[in-house]
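Please work through the exercises below with the sequence and the coordinates open beside the text. Each task is followed by a solution that goes step by step.

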Amino acid sequence: LNRPRIFEHIIITQLIVSIFFMINLLLIATVFSNQVFLSTMRYILFLITLVSDSVFLILSDLLLILYNIYFTMQVSLCIIFYLIVCQCMFVTPVTLTAMTLERYVAICLPLRHPELCSLHNTQKCILIILTVSSVPCFIILSTFIAAASSSVYTQHKRCSMGIIPWQNHFKFAVYQFYFFIMSITITFSYVKIMKVAKAASGENKKSTRKGLSTVILHAFQLLLCLIQLWCPFIESAIIKIDLLLYINVRYFNYVTFILAPRCLSPLIYGLRDEKFLNALKYLALCGLYKKKIGFT
C-alpha cells in the first residue's frame with residue numbers, strides 16, 4: 001500500500017476543501033447580508049443547500065482523514081456521523097427539486113406564486129425537505145440494526161460508510177428510487193416551462209428562458225449527485241483488480257463528484273442571479289463595489 005501517495009492525496013484534498021468551504025461561507029454570508037434574500041423562497045432554499053453542503057464537506061473530509069490515519073471510534077458514534085452525512089447528502093438534491101418546483105410556479109402559475117411561495121409556506125417546505133431527506137437514512141439504519149448484534153455498538157473500529165454487500169444493494173435501490181422521483185419532477189417542470197416559453201414573447205420570453213436554463217442547471221446538479229451514488233459500486237469492482245488503481249479512482253471520484261459539485265454548482269447558480277451577484281461583489285470587495293440594484 002502506497003502510504004506516501006495516500007497522504008499526498010489527503011494534503012491536496014485539504015487545500016481543495018479549504019477553498020471550497022471558504023467559497024460556501026462567502027455565499028452563505030451573502031444570503032444573510034440582505035433581508036430580501038431571507039424573505040424570498042428561492043434564496044432561502046439556496047441557503048439550505050449551502051449549509052447542507054458545507055456540513056457534508058467538513059464531516060466527509062474529517063472521516064476521510066480519520067480513516068486514513070487508522071483512527072478508531074465506537075461504532076455507535078460512527079453511526080451518528082453516518083446519519084448526519086447521509087441526511088446532508090439527500091438534503092441537497094431534494095432541495096434542488098423544491099427549487100425547480102418554485103421556478104415552475106413562478107413561470108407557469110405567476111399569479112399564485114406570491115401565495116404558494118410565501119415565507120410561511122417556505123417554512124413548511126423546509127420541514128418537508130428535512131423529513132423526506134431523513135427517511136432513506138433511517139431505512140438504511142434500520143437494516144443495519146436488524147443485521148448487527150448488540151455488542152457491535154460498543155466496539156472500536158475505523159469509521160467507514162461501507163456496510164455488508166446486501167445492505168449496499170438495498171441502499172442503492174433506495175437511492176435510485178428517490179432520484180427517479182426527483183428526475184420525474186424536474187422533467188415535468190422542464191416540459192411545462194418549455195410550453196410557456198414557446199408561447200411567451202418579449203420580456204416574458206426572456207424571463208421564461210432564464211427559468212428554463214435554471215431547471216437545466218438543477219437537472220445537471222442532480223445528475224452529479226446521482227453519479228456520486230454510483231461511485232462506491234465502481235470502486236468495489238476496481239479494488240478486486242488493482243489496489244493502487246482503486247486508491248487513485250477513489251480520490252478522483254471524491255474530488256470530482258463529491259467536493260467540486262457541492263461548491264462550483266452553487267457558485268454558478270449564485271452568479272446567474274444579478275441581485276445576488278451584486279451583493280456577492282459588495283461583500284467580497286468589502287464594500288468597495290456598490291451598485292443600485294439590491295442596495296440603498
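The exercises that follow concern a predicted model, and they treat salt bridges, a cavity, a surface patch and record annotations in turn.

**Exercise 1.** Classify Asp273, Arg42, Arg103 and Glu102 as buried, partly exposed or exposed.

*Solution.* The step needs the cut-offs: under 20% relative accessible area is buried, over 50% is exposed, and the range in between is partly exposed. Asp273 has a relative accessible area of 15% and is therefore buried, while Arg42, at 23%, is partly exposed. Arg103 and Glu102 form a salt bridge whose closest N and O atoms are 2.8 Å apart. Arg103 is buried because its relative accessible area is 15%, and Glu102 is buried because its value is 3%.

**Exercise 2.** Describe the largest cavity by its volume, its lining residues and the elements that supply them.

*Solution.* Two or more lining residues come from each of α2, α3, α7 (202–238), α8 (243–259) and α9 (261–271), and α9 gives the most, with 5 residues.

**Exercise 3.** Identify the residues of the nonpolar surface patch, and state which helix gives the most to the patch.

*Solution.* Val51, Val55, Leu77, Ile80 and Ile84 make a nonpolar surface patch of about 370 Å². Both α2 (41–68) and α3 (75–108) supply at least two of its residues, with α3 giving the most, 3 residues. Ile84 lies in helix α3, and its relative accessibility of 35% is why this residue counts as partly exposed.

**Exercise 4.** Compare the UniProt "transmembrane region" annotation with the model for residues 6–32 and 126–153.

*Solution.* The unreviewed UniProt entry places this feature at several spans, including residues 6–32 and 126–153. Residues 6–32 are 100% helix and 0% strand, and their end C-alpha atoms lie 38 Å apart. Residues 126–153 are 79% helix and 0% strand, with end C-alpha atoms 32 Å apart.

Conventions
Residues are numbered from 1 along each chain as its sequence is written. This is a predicted model: local features need pLDDT of at least 70, side-chain atom pairs count only at pLDDT 80 or more; totals for chains, interfaces and linings use all residues. Side-chain values use heavy atoms; hydrogens and water are left out. Patches are made of residues with over 30% relative accessible area and no salt bridge: like charges are joined within 9 Å, nonpolar side chains (Val, Leu, Ile, Met, Phe, Trp, Tyr) within 5 Å. Accessible areas come from the Shrake-Rupley method with a 1.4 Å probe; for residues, only the protein chains shown count as cover. A salt bridge is a side-chain nitrogen of Lys or Arg within 4 Å of a carboxyl oxygen of Asp or Glu. Helices (H or I, at least four residues) and strands (E, at least two) are DSSP runs, numbered from the N terminus. Buried means under 20% relative accessible area, exposed over 50%, partly exposed in between (1.4 Å probe, protein chains only). UniProt positions are given in the numbering used here, feature names are shortened, and annotations may be inferred rather than shown by experiment. On a 1 Å grid over the protein atoms alone, a cavity is a set of points where a 1.4 Å probe fits but cannot get out, and a pocket is an open set with protein on both sides within 12 Å along at least five of seven lines; lining residues have an atom within 4 Å of a point. Grid points are joined across faces, edges and corners, and a volume is the space filled by probe spheres set on the points.
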